[in-house]
Amino acid sequence: MPHKDDSHEETLAHVNTYSRPSELKITDMRFAQLEGAPYACIMMKLYTNQGIVGFGEVRDMASKTYALMLKGRLLGENPCNIDKLFRRIKQFGGQGRQGGGVSAVEIALWDIAGKAYGIPVYQMLGGKFRDKMRIYCDTDIEFNRERSAGENMGDALKKRLERGYTILKMDMGIGLLRDIPGALSAPLGWLDEQRVLGERSRKLYPTPWADNAAEERKKVRATKDIDQLMEIFKARNDFIYHSPKHPFTGIQITEKGLDYLENYVADVRAVIGYDVPLATDHHGTIGVDEIIRLARRLEKYNIAWLEDPISVQYPEQWRKLTSSTTIPICTGENIYLAENFEPLLNVGGITVAHPDPLTAGGILESKKIGDLAQRYGVRMALHQAATPVHAMAAAHIGVATENCWACEFHANDVPWWDDLVIHKMHKPLVDRGFIDVPDLPGLGIDDLNDEVIREHVSSWDPDIWAPTDEWNFEFCSDGF
Ligand SMILES: [Mg+2]
């Protein structure tokens with residue numbers, strides 16, 4: 001019989017690692033904040049005492065504060081105890097962007113554990129159902145005035161087909177009707193009031209996709225004028241927080257508006273044909289009865305799913321929607337934790353569960369959402385609108401979850417997106433509409449590419465991987 005210590009050494013010899021996993025400790029947490037990857041994205045590094053660094057990511061357009069507030073609750077802990085640490089910090093996450101901190105940490109913990117033991121994340125989740133993850137991507141319009149808006153969108157989607165994508169999605173909110181007289185009915189003046197709030201916010205701080213946005217946003221960030229900054233933040237907050245939830249807007253679509261939207265989809269289908277699944281993303285703002293009227297108009301165009309048509313807070317309204325149309329109904333990108341999908345699944349309110357792993361609670365929680373949905377006969381698609389760190393986390397979840405149909409991709413038109421990470425995986429990462437999930441430790445990413453990160457760093461927060469020592473100690477009686 002070998003001596004106890006010899007046996008321990010023998011076990012470790014079979015672990016493909018340069019570390020001793022049982023003695024790993026979390027020592028630091030740092031960030032790099034990017035612009036246009038495709039949105040404002042926050043990459044995270046979780047450091048350990050043995051040189052292994054885990055990569056995570058805070059939800060796009062969220063705040064790194066959601067992760068920083070967890071730091072003092074993680075330092076000195078063994079990062080391989082993923083579920084234990086997740087349960088400790090779970091209470092500090094929430095719906096929407098608030099889930100971003102917990103999810104970033106959870107993903108980095110899986111990356112560290114995978115690197116420490118020399119195992120890919122998908123393998124730790126129970127192995128693969130498929131070798132490659134199917135990817136669908138969002139689509140912007142290149143406007144050609146000779147053609148209808150639907151034909152323009154059809155052209156843009158056709159280009160996606162030519163790149164090898166096998167599922168398509170397009171935006172189809174009532175924003176399409178905003179400038180068409182007589183297409184929407186709402187208390188007179190109310191839509192104008194909303195428009196003014198939006199225009200004011202965008203004038204003071206343009207959206208990233210606006211003309212000359214980069215230059216204008218840079219000027220704003222460079223200002224030291226506190227009054228000017230306060231005015232900008234107030235305008236943005238007024239715009240973001242002013243809008244009532246969808247059932248309370250009272251907006252109705254007129255028959256003219258319904259005709260316009262129906263023709264839009266008919267024109268798209270005329271360009272791309274009917275073989276390829278086409279999902280539509282609605283971004284809410286109308287009540288359930290209105291979306292039912294629209295859904296009935298769109299049924300004959302074989303819509304793959306209607307995404308985010310109404311507010312997630314009201315399961316009975318989702319049940320009414322699914323029982324009123326044959327189009328599959330999808331939501332979830334702003335839902336935190338599997339337990340918050342349950343009310344929608346319980347009432348038969350969704351046909352597609354659509355978690356974003358950066359809000360849902362990370363890797364294991366997203367798999368749990370897929371498994372939970374499967375019990376209700378519901379398939380999963382993953383929302384993903386961030387850097388390759390998120391894309392790889394989603395791909396590992398996707399191949400390891402039986403009912404995962406596809407993962408989203410928003411950065412098809414960002415030429416430097418792939419170069420954010422250094423790796424031995426397939427290049428480009430998203431190729432002909434698939435991600436090849438490799439047999440490499442953790443997420444499969446060797447390092448983050450500081451040179452590319454520096455070129456696209458947010459000028460709000462230009463110091464990449466800066467110390468965060470002020471967050472090391474926060475004493476709070478968290479238990480309850
Ligand atoms: Mg969406």
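Two strands count as paired here if DSSP finds at least two bridges between them. Helices (H or I, at least four residues) and strands (E, at least two) are DSSP runs, numbered from the N terminus. On those terms, strand β5 (residues 168-171) and strand β8 (residues 278-281) run parallel and are joined by four bridges. Leu 168 has Leu 278 in β8 as its bridge partner. The model is a predicted one, so to speak of local features takes a pLDDT of at least 70, side-chain atom pairs count only at pLDDT 80 or more, and totals for chains, interfaces and linings use all residues. Residue numbers start from 1 along each chain as its sequence is written.

Back at β8, this strand also pairs with strand β9 (residues 303-307), in the parallel sense and over three bridges. Leu 278 turns up again here, with Ile 303 as its bridge partner in β9. Between the two strands comes helix α11 (residues 288-298), and β8, α11 and β9 make a right-handed β-α-β unit. Right-handed means that, with the strands pointing away from the viewer, the path from the first strand over the helix to the second runs clockwise.

As for the overall layout, the protein chain is divided into domain 1 (4-119 + 462-471), domain 2 (132-179 + 246-443) and domain 3 (187-242). These bounds come from an automatic or database domain assignment. The C-alpha centres of domain 2 and domain 3 lie 27 Å apart.

Now for the antiparallel sheet. Three strands form an open sheet in the order β1-β2-β3, with antiparallel pairing. Its edge strands are β1 (26-34) and β3 (53-58), each of which pairs on one side only. From one strand to the next, the twist averages 25°; axes are lines fitted to C-alpha atoms, for helices over the stretch in contact, and angles run from 0 to 180 degrees between N-to-C directions. Helix α4 (residues 100-117) packs on the sheet and touches β2 and β3, its direction making about 155° with that of β3. Contact between two residues means that their C-beta atoms, placed from the backbone, lie within 7 Å. Strand β2 (residues 41-48) pairs with β3 in the antiparallel sense over six bridges, and Met 43 stands opposite Glu 57 in β3.

Pro 38 sits in the loop between β1 and β2, and a cis peptide bond with omega of about 10° joins Ala 37 to Pro 38. Met 61 lies in the loop between β3 and α2 (65-68) and has a positive phi of about 60°, although it is not a glycine. With 15 other C-beta atoms within 10 Å, Met 61 is partly exposed. The scale behind that word calls a residue buried if 20 or more other C-beta atoms lie within 10 Å of its own, exposed if 12 or fewer, and partly exposed in between, with C-beta atoms placed from the backbone. Leaving aside neighbours within four places in sequence, Met 61 is in contact with Tyr 39, Ala 40 and Arg 97. Met 61 and Leu 34 are 27 residues apart in sequence and 9.9 Å apart in space, C-alpha to C-alpha.

Two helices were checked for length. Helix α6 (residues 149-162) has 14 residues and reaches 20 Å from its first C-alpha to its last, close to the 20 Å expected at 1.5 Å a residue; the expected span is 1.5 Å times one less than the number of residues. Its buried residues are Gly 150, Asn 152, Met 153, Gly 154, Leu 157 and Arg 160, and they pack against β4 (132-137), β5 and α10 (255-272). Gly 164, with a positive phi near 105°, follows α6. Helix α15 (residues 363-375) has 13 residues that should span 18 Å, and its end C-alpha atoms are 19 Å apart, which agrees. Among the buried residues of α15 are Ile 363, Leu 364, Ile 369 and Ala 373. After α15 comes Gly 377, whose phi is positive, near 70°.

Pro 428 is found in the loop between β14 (421-423) and β15 (430-431). Arg 432 is in the loop between β15 and β16 (434-436) and has a positive phi near 50°, though it is a residue other than glycine. Arg 432 is exposed, with 11 other C-beta atoms within 10 Å.
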